[in-house]
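Please work through each task before reading its solution.

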Amino acid sequence: MTTRKTVKASELDPNFKFEVASTYEGSTVLWCVQCGMCTSNCPYSEVWTVKPHQVIKMVLLGMREEAIKCESIWTCSTCFMCAERCPQGVEIGNVMFALKNMAAREIGVPEGYKQYGHQIYESGRATKITRGREIERSKLGLPEIPRVMLPV
């Protein structure tokens, strides 16, 4: 069952959609007609509580706080399946980037995502290569995982 939130007009920011649209990443947001094609092609839409078309709807309605606090903007994998199938050419993945940038400036990056980014920055990898993983690979006859040489 879907729960609906009552939205008060006095809490909406009518300029929010234009603010998003004025960014390079969010420039196509106003083209959305809410057909739902982005959600139907999103590999994560089954697990998200707020679907891609709903995030865009929040932007269009002026639900600034809800949009920049939405977990979905951070969990978007930016596979761009949504943009590939959008009949209006809305680049939903890029709109998610615009929202992430706004959220980072206004409320900060969630701690888990900071740690994830730090891991990539430090090692060049999204996941940590553990000693256990190396032993497993060795037992399977797989080569050692190449080390990433990052500039200091």
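Tryptophan 48 is buried, its relative accessible area being 9%; buried denotes under 20%, exposed over 50% and partly exposed in between (1.4 Å probe, protein chains only). The model is predicted: local features need pLDDT of at least 70 and side-chain atom pairs pLDDT 80 or more, whereas totals for chains, interfaces and linings use all residues. Numbering runs from 1 along each chain as its sequence is written, and side-chain values use heavy atoms, without hydrogens and water.

**Exercise 1.** Determine how the rings of tyrosine 44 and tryptophan 48 are arranged.

*Solution.* Rings of Phe, Tyr and Trp (its six-membered ring) pair if their centres lie within 6.5 Å; planes under 30 degrees apart are stacked, over 60 edge-to-face, and the rest tilted. The centres of tyrosine 44 and tryptophan 48 are 6.4 Å apart and the planes meet at 15°, so the pair is stacked. Tyrosine 44 is partly exposed, at 35%.

**Exercise 2.** Characterise the pair formed by tryptophan 74 and tyrosine 113.

*Solution.* First, the geometry: 5.8 Å centre to centre and 25° between the planes, hence stacked. Next, the location: tryptophan 74 lies in helix α5 (residues 71–75) and tyrosine 113 in helix α8 (residues 111–123), so the pair ties together parts 39 residues apart in sequence. Helices are DSSP runs (H or I, at least four residues), numbered from the N terminus. Finally, the accessibility: tryptophan 74 is buried, at 14%, while tyrosine 113 is partly exposed, at 26%.

Terms used: Helix = DSSP H or I, 4+ residues; strand = E, 2+ residues; numbered from the N terminus.
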